[in-house]
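Student: Please take a close look at one helix pair in this model. Then place that part in the chain as a whole.

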Amino acid sequence: MKLYYAPGACSLAVHITLCECALPFEMEKVDLKTKKTESGDDFLEINPKGYVPALIMDDDALLTEVAVITQYLADRVPKLSLAPPPGSLERYRLQEWLNFISSEIHKGMGIFFNQNIPAEFKKVLFDKLMLRLNYLEKRIETNLYLMGDTYTIADAYLFTILRWSRLLNIDISSWGGLVQYYERIGSRPNVQAALRAEHLIK
Ligand SMILES: N[C@@H](CCC(=O)N[C@@H](CS)C(=O)NCC(=O)O)C(=O)O
(Lines give C-alpha, C1' and ligand atoms only; values in the text may rest on other atoms or scores of the structure.)
Protein backbone atom coordinates (compact mmCIF):
# COMPACT_ATOMS: atom_id res chain seq x y z
CA MET A 1 0.00 0.00 0.00
CA LYS A 2 1.09 3.54 -0.59
CA LEU A 3 -0.09 6.63 1.27
CA TYR A 4 0.07 10.05 -0.36
CA TYR A 5 0.37 12.59 2.44
CA ALA A 6 1.36 16.10 3.44
CA PRO A 7 3.18 16.54 6.78
CA GLY A 8 0.72 17.29 9.60
CA ALA A 9 -2.31 17.32 7.29
CA CYS A 10 -5.36 15.15 7.90
CA SER A 11 -3.44 12.32 6.19
CA LEU A 12 -1.61 12.00 9.53
CA ALA A 13 -4.68 10.14 10.88
CA VAL A 14 -4.21 7.50 8.18
CA HIS A 15 -0.46 7.40 8.78
CA ILE A 16 -1.06 6.81 12.52
CA THR A 17 -3.55 4.04 11.68
CA LEU A 18 -1.09 2.38 9.31
CA CYS A 19 1.48 2.40 12.14
CA GLU A 20 -1.09 1.00 14.62
CA CYS A 21 -2.02 -1.77 12.15
CA ALA A 22 1.63 -2.65 11.51
CA LEU A 23 0.79 -3.31 7.85
CA PRO A 24 3.55 -2.78 5.25
CA PHE A 25 3.25 0.58 3.49
CA GLU A 26 5.17 3.22 1.59
CA MET A 27 4.58 6.97 1.73
CA GLU A 28 4.98 9.76 -0.77
CA LYS A 29 4.79 13.43 0.07
CA VAL A 30 2.52 15.74 -1.94
CA ASP A 31 2.97 19.47 -2.42
CA LEU A 32 -0.64 20.58 -2.02
CA LYS A 33 -0.01 23.93 -3.73
CA THR A 34 1.63 22.63 -6.91
CA LYS A 35 -0.17 19.22 -6.83
CA LYS A 36 3.16 17.51 -7.51
CA THR A 37 4.37 14.47 -5.62
CA GLU A 38 7.86 14.20 -4.19
CA SER A 39 8.96 12.08 -7.16
CA GLY A 40 7.59 14.67 -9.62
CA ASP A 41 4.32 12.97 -10.56
CA ASP A 42 1.14 14.93 -11.21
CA PHE A 43 -0.92 14.22 -8.07
CA LEU A 44 -4.16 15.07 -9.90
CA GLU A 45 -3.59 12.04 -12.10
CA ILE A 46 -3.28 9.87 -8.99
CA ASN A 47 -6.19 11.44 -7.10
CA PRO A 48 -8.37 13.73 -9.22
CA LYS A 49 -9.78 15.20 -5.99
CA GLY A 50 -6.36 16.83 -5.55
CA TYR A 51 -6.25 16.36 -1.79
CA VAL A 52 -4.62 14.04 0.71
CA PRO A 53 -4.98 11.42 2.06
CA ALA A 54 -4.96 9.08 -0.93
CA LEU A 55 -4.23 5.43 -0.41
CA ILE A 56 -3.19 3.12 -3.23
CA MET A 57 -4.28 -0.32 -2.09
CA ASP A 58 -2.50 -3.59 -2.81
CA ASP A 59 -4.51 -4.07 -6.04
CA ASP A 60 -3.45 -0.55 -7.17
CA ALA A 61 -6.98 0.86 -6.69
CA LEU A 62 -7.35 4.29 -5.08
CA LEU A 63 -9.16 4.89 -1.78
CA THR A 64 -9.79 8.38 -0.42
CA GLU A 65 -11.42 10.12 2.58
CA VAL A 66 -9.92 9.82 6.07
CA ALA A 67 -13.06 8.27 7.59
CA VAL A 68 -13.17 5.57 4.90
CA ILE A 69 -9.47 4.73 4.59
CA THR A 70 -9.08 4.36 8.36
CA GLN A 71 -12.07 1.98 8.51
CA TYR A 72 -10.64 -0.04 5.63
CA LEU A 73 -7.31 -0.37 7.46
CA ALA A 74 -8.94 -1.21 10.82
CA ASP A 75 -10.99 -3.95 9.14
CA ARG A 76 -7.83 -5.49 7.71
CA VAL A 77 -6.59 -6.21 11.24
CA PRO A 78 -9.80 -6.90 13.22
CA LYS A 79 -7.95 -8.38 16.19
CA LEU A 80 -6.65 -4.91 17.09
CA SER A 81 -10.24 -3.61 17.59
CA LEU A 82 -9.39 -0.25 16.04
CA ALA A 83 -13.02 -0.29 14.86
CA PRO A 84 -15.96 -2.34 16.18
CA PRO A 85 -17.20 -5.15 13.88
CA PRO A 86 -19.06 -4.02 10.73
CA GLY A 87 -22.83 -4.12 11.20
CA SER A 88 -22.70 -3.78 15.00
CA LEU A 89 -24.41 -0.85 16.73
CA GLU A 90 -20.98 0.13 18.06
CA ARG A 91 -19.73 0.43 14.48
CA TYR A 92 -22.47 2.97 13.77
CA ARG A 93 -21.39 4.81 16.95
CA LEU A 94 -17.86 4.93 15.57
CA GLN A 95 -19.16 6.20 12.23
CA GLU A 96 -21.16 8.83 14.12
CA TRP A 97 -17.87 10.07 15.60
CA LEU A 98 -15.97 9.86 12.29
CA ASN A 99 -18.67 11.86 10.56
CA PHE A 100 -18.77 14.43 13.35
CA ILE A 101 -14.99 14.85 13.25
CA SER A 102 -14.97 15.08 9.46
CA SER A 103 -17.79 17.56 8.96
CA GLU A 104 -17.73 19.58 12.18
CA ILE A 105 -14.17 19.53 13.54
CA HIS A 106 -11.93 18.85 10.51
CA LYS A 107 -13.68 21.34 8.26
CA GLY A 108 -14.60 23.63 11.18
CA MET A 109 -10.96 24.04 12.19
CA GLY A 110 -9.25 23.59 8.79
CA ILE A 111 -11.08 26.61 7.36
CA PHE A 112 -8.91 28.88 9.54
CA PHE A 113 -5.84 28.01 7.44
CA ASN A 114 -7.53 30.11 4.76
CA GLN A 115 -6.19 33.66 5.11
CA ASN A 116 -8.95 35.18 2.99
CA ILE A 117 -11.95 34.75 5.28
CA PRO A 118 -13.58 38.10 6.11
CA ALA A 119 -13.37 38.92 9.84
CA GLU A 120 -17.15 38.83 10.36
CA PHE A 121 -17.51 35.38 8.83
CA LYS A 122 -14.46 34.23 10.79
CA LYS A 123 -16.27 35.10 14.02
CA VAL A 124 -19.35 33.08 12.98
CA LEU A 125 -17.15 30.08 12.14
CA PHE A 126 -15.15 30.47 15.34
CA ASP A 127 -18.26 30.55 17.55
CA LYS A 128 -19.57 27.40 15.87
CA LEU A 129 -16.23 25.64 16.42
CA MET A 130 -16.30 26.62 20.11
CA LEU A 131 -19.73 24.96 20.45
CA ARG A 132 -18.34 21.78 18.92
CA LEU A 133 -15.31 21.80 21.24
CA ASN A 134 -17.63 22.32 24.24
CA TYR A 135 -19.55 19.24 23.16
CA LEU A 136 -16.34 17.23 22.79
CA GLU A 137 -15.16 18.33 26.23
CA LYS A 138 -18.39 17.08 27.83
CA ARG A 139 -18.12 13.72 26.08
CA ILE A 140 -14.41 13.19 26.74
CA GLU A 141 -14.06 14.35 30.37
CA THR A 142 -15.46 11.05 31.70
CA ASN A 143 -13.91 8.78 29.05
CA LEU A 144 -10.40 7.79 28.07
CA TYR A 145 -11.27 7.65 24.37
CA LEU A 146 -14.13 8.79 22.14
CA MET A 147 -15.62 5.29 22.18
CA GLY A 148 -15.13 4.83 25.95
CA ASP A 149 -12.33 2.61 27.21
CA THR A 150 -11.06 1.50 23.79
CA TYR A 151 -8.78 3.45 21.47
CA THR A 152 -10.16 3.55 17.91
CA ILE A 153 -9.44 5.20 14.57
CA ALA A 154 -11.69 8.10 15.63
CA ASP A 155 -9.05 9.04 18.22
CA ALA A 156 -6.30 9.11 15.58
CA TYR A 157 -8.51 11.41 13.51
CA LEU A 158 -9.48 13.77 16.35
CA PHE A 159 -5.87 13.97 17.59
CA THR A 160 -4.72 14.94 14.08
CA ILE A 161 -7.20 17.80 13.87
CA LEU A 162 -6.77 19.03 17.47
CA ARG A 163 -3.05 19.29 16.71
CA TRP A 164 -3.85 22.13 14.31
CA SER A 165 -5.18 24.29 17.15
CA ARG A 166 -1.60 25.18 18.09
CA LEU A 167 -0.67 26.10 14.52
CA LEU A 168 -3.79 28.28 14.27
CA ASN A 169 -3.38 29.90 17.70
CA ILE A 170 -6.72 28.49 18.82
CA ASP A 171 -6.32 28.17 22.58
CA ILE A 172 -7.88 24.93 23.83
CA SER A 173 -6.33 25.11 27.31
CA SER A 174 -9.67 25.92 28.99
CA TRP A 175 -10.98 22.49 27.97
CA GLY A 176 -9.00 20.47 30.51
CA GLY A 177 -10.47 17.12 29.48
CA LEU A 178 -9.65 17.73 25.85
CA VAL A 179 -6.08 18.76 26.66
CA GLN A 180 -5.54 15.58 28.71
CA TYR A 181 -7.13 13.52 25.95
CA TYR A 182 -4.85 15.13 23.35
CA GLU A 183 -1.79 14.31 25.45
CA ARG A 184 -3.03 10.75 26.07
CA ILE A 185 -3.39 10.05 22.34
CA GLY A 186 -0.20 11.93 21.49
CA SER A 187 1.87 9.78 23.83
CA ARG A 188 0.94 6.51 22.09
CA PRO A 189 4.08 4.97 20.58
CA ASN A 190 2.52 4.65 17.11
CA VAL A 191 1.33 8.26 17.17
CA GLN A 192 4.84 9.34 18.13
CA ALA A 193 6.27 7.17 15.34
CA ALA A 194 4.03 8.79 12.73
CA LEU A 195 4.79 12.31 14.01
CA ARG A 196 8.52 11.53 13.89
CA ALA A 197 8.33 10.09 10.37
CA GLU A 198 6.62 13.31 9.20
CA HIS A 199 9.34 15.36 10.97
CA LEU A 200 6.77 17.00 13.22
CA ILE A 201 8.67 16.02 16.38
CA LYS A 202 12.28 14.91 16.98
N1 LIG B 1 -12.94 15.06 2.63
C2 LIG B 1 -11.53 14.83 2.68
C3 LIG B 1 -10.83 16.14 2.96
C4 LIG B 1 -9.34 16.01 2.85
C5 LIG B 1 -8.65 17.37 3.03
O6 LIG B 1 -9.28 18.36 3.42
N7 LIG B 1 -7.33 17.38 2.77
C8 LIG B 1 -6.56 18.59 2.87
C9 LIG B 1 -5.41 18.44 3.86
S10 LIG B 1 -6.01 18.25 5.51
C11 LIG B 1 -5.95 18.88 1.49
O12 LIG B 1 -5.27 18.03 0.94
N13 LIG B 1 -6.23 20.07 0.97
C14 LIG B 1 -5.70 20.49 -0.30
C15 LIG B 1 -6.77 20.87 -1.27
O16 LIG B 1 -7.97 20.73 -0.95
O17 LIG B 1 -6.42 21.29 -2.36
C18 LIG B 1 -11.19 13.77 3.76
O19 LIG B 1 -11.92 13.72 4.75
O20 LIG B 1 -10.23 13.01 3.57
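Tutor: Helix H4 (residues 89–110) and helix H6 (residues 153–162) pack at an angle of about 10 degrees, their axes 10 Å apart. Helices here are DSSP runs of H or I, at least four residues, numbered from the N terminus. Axes are lines fitted to C-alpha atoms over the stretch in contact, and angles run from 0 to 180 degrees between N-to-C directions. H4 is therefore roughly parallel to H6 (angles under 35 degrees count as such). The model is predicted: local features need pLDDT of at least 70, side-chain atom pairs count only at pLDDT 80 or more, and totals for chains, interfaces and linings use all residues. Residues are numbered from 1 along each chain as its sequence is written.

H4 brings Leu94, Trp97, Leu98, Ile101, Ile105, His106 and Met109 to the contact. H6 answers with Ala154, Tyr157, Leu158 and Ile161. Contact means C-beta atoms, placed from the backbone, within 7 Å. Ten of these residues are nonpolar, one is polar and none is charged (nonpolar: Ala, Val, Leu, Ile, Met, Phe, Trp, Tyr, Cys and Pro; charged: Asp, Glu, Lys and Arg; polar: the others, Gly among them).

Now the whole chain. An automatic or database assignment sets the domain bounds: domain 1 is 2–80 + 191–197, and domain 2 is 89–188. Their C-alpha centres lie 21 Å apart. In the interface, 13 residues of domain 1 are in contact with 14 residues of domain 2. On the domain 1 side, helices H1 (11–21), H3 (66–76) and H9 (189–197) each give two or more residues. H3 gives the largest share, five residues. That side has eight nonpolar, five polar and no charged residues.

Methods:
Angles under 35 degrees count as roughly parallel, over 145 as roughly antiparallel, 65 to 115 as roughly perpendicular and the rest as oblique. Two residues are in contact if their C-beta atoms, placed from the backbone, lie within 7 Å.
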